[in-house]
Amino acid sequence: MSPRPVGSRPTLSLVAETAGTSVPTVSKVLRGGTDVSAETRARVMEAVQAVGYTRRGGAKIESERDESGLSNVLTLVVTHFEGSWANLVTAGIGREAAAAGLDVVLTLAEPHTDWATRVLRRRSVGIVAMPVDPNSRHLHALYAAGAPVVLIDPMSKPPAGVASVGVANWDGGRMAAEHFLSLGHGRLGVVAGHARHLYSRARVDGFRAAAETAPGGGTTVSVVHGGWDRAKATAATHALLDKDPGVTGIFACSDTMALGVYDALTARGLRVPEDIGVIGFDDLPEAQCVTPGLTTIRQPSAELGAAAVGLLLDLSRNGAEGARRPVGMELATELVVRASCGRAPASAATRT
């Protein structure tokens with residue numbers, strides 16, 4: 001295959017050549033056609049991602065439209081349904097969609113399934129996806145088809161021009177560290193999510209930046225990973241305290257993981273906040289149900305879903321160039337103080 005000239009735009013012909021098939025077959029795959037073998041479909045989707053093809057001019061999926069020119073269905077792609085965060089975001093999406101006269105259809109993005117083809121066959125105004133890998137071959141197929149797509153808190157940096165809505169994760173981490181510092185804590189721990197996830201890294205980086213540049217120096221930060229799971233966070237907290245038993249404050253990068261931190265501290269006979277202070281991230285309903293109430297960084301979860309729908313409708317009507325709002329939106333986070341974080345205990349250095 002001859003190299004593509006520098007600066008030229010990838011074409012359907014290049015996708016077809018890369019996939020070893022024809023232009024009509026590539027076009028059929030990008031329309032969600034069913035009369036293509038699974039092997040050919042996979043090759044085409046991989047080729048689309050490899051060459052970086054996107055449909056010219058932000059064209060849209062063909063759809064059955066009402067008198068306003070838009071479909072009355074919105075596709076929501078999710079990697080899981082479980083958990084309060086997903087429920088809150090979905091509620092925000094549902095309310096905003098209903099206000100716009102749209103019905104929401106859920107698609108579960110299960111690994112090793114051809115869910116993108118199902119989405120491409122569906123007649124919809126566009127796709128909201130959460131939380132997904134924006135660089136997966138499935139999403140590249142949607143981009144290539146010209147489908148309006150909005151990502152909610154993407155796991156990694158999206159391709160150029162792909163719309164996303166997230167929260168100020170770095171700022172939230174910074175606020176958590178500053179709250180600990182204001183209470184005299186100098187040995188801090190972080191129970192983070194997956195190391196590869198962009199939003200987890202941003203929360204940890206913001207926390208580190210505030211802690212390590214604090215006046216007077218000497219603040220330490222130990223980081224372990226709990227994978228967004230309560231049980232894994234419990235194990236990670238034990239590992240953290242085995243490594244650094246003098247920690248006086250722990251920042252959990254989600255409220256669900258903060259519950260795991262509570263579990264580990266209880267198992268070790270440690271009290272919150274008398275022995276160790278805890279700060280979470282999300283402000284889920286669970287944050288107010290535990291004892292003591294969890295100090296946390298609030299992210300506006302329902303508003304996140306509503307903003308994604310608004311941006312999607314904007315893109316569907318006007319395209320990226322005519323969008324009335326930025327295609328990379330970031331909503332503010334804020335500190336919510338409850339009872340889980342007090343003054344740093346004087347006896348932490350002798351704890352075993």
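**Exercise 1. Work out which residues of helix α6 are buried, and what that says about the helix.**

Step 1: go along α6 and pick out the buried positions, where buried means under 20% relative accessible area, exposed over 50% and partly exposed in between, with a 1.4 Å probe and protein chains only. You get His138, Leu139, His140, Ala141, Leu142, Tyr143 and Ala144.

Step 2: α6 covers residues 137–144, and seven of its eight residues are buried, so the rest of the structure largely encloses it.

Step 3: look just past the end. Gly146 follows α6 and has a positive phi, near 85 degrees.

A word on the ground rules: this is a predicted model, where local features need pLDDT of at least 70, side-chain atom pairs count only at pLDDT 80 or more, and totals for chains, interfaces and linings use all residues. Residues are numbered from 1 along each chain as its sequence is written, and side-chain values use heavy atoms, with hydrogens and water left out.

**Exercise 2. Describe how α4 packs on α12.**

Step 1: get the geometry. Axes are lines fitted to C-alpha atoms, for helices over the stretch in contact, and angles run from 0 to 180 degrees between N-to-C directions. Helix α4 (residues 84–99) and helix α12 (residues 301–318) have axes that come within 7 Å and cross at roughly 40 degrees.

Step 2: name the angle. Under 35 degrees is roughly parallel, over 145 roughly antiparallel, 65 to 115 roughly perpendicular and the rest oblique, so α4 is oblique to α12.

Step 3: A crossing is left-handed if the near helix is turned anticlockwise from the far one by less than a right angle, and right-handed if clockwise; α4 passes α12 in a right-handed crossing.

Step 4: list the contact. α4 brings Trp85, Leu88, Val89, Gly92, Ile93, Arg95, Glu96 and Ala97, while α12 brings Ser301, Ala302, Leu304, Gly305, Ala306, Val309 and Gly310.

Step 5: sort by class. Ala, Val, Leu, Ile, Met, Phe, Trp, Tyr, Cys and Pro are nonpolar, Asp, Glu, Lys and Arg charged, and the others, Gly among them, polar. The α4–α12 contact comes out at nine nonpolar, four polar and two charged residues.

Step 6: look at Ser84, which also sits in α4. Ser84 has 18% relative accessibility and counts as buried. Leaving aside residues up to four places away in sequence, Ser84 touches Leu284, Pro285 and Glu286.

**Exercise 3. Find the aromatic pairs and classify two of them.**

Step 1: apply the rule. Rings of Phe, Tyr and Trp (its six-membered ring) pair if their centres lie within 6.5 Å, with planes under 30 degrees apart stacked, over 60 edge-to-face and the rest tilted. Searching the whole structure turns up three aromatic pairs.

Step 2: take Tyr199 and Trp228. Their ring centres are 5.5 Å apart with planes at 45 degrees, so the pair is tilted. Tyr199 is buried at 10% relative accessibility, whereas Trp228 is partly exposed at 22%.

Step 3: take Phe207 and Phe251. Here the centres are 5.1 Å apart and the planes at 10 degrees, so the pair is stacked. Phe207 is in helix α8 and Phe251 in strand β8 (residues 249–252), 44 residues apart. Phe207 is buried at 0% relative accessible area, and Phe251 is buried at 0%.

Step 4: join them up. Ring pairs link Phe180, Phe207 and Phe251 into a cluster.

Note on methods:
Helices (H or I, at least four residues) and strands (E, at least two) are DSSP runs, numbered from the N terminus. Contact means heavy atoms within 4.5 Å.
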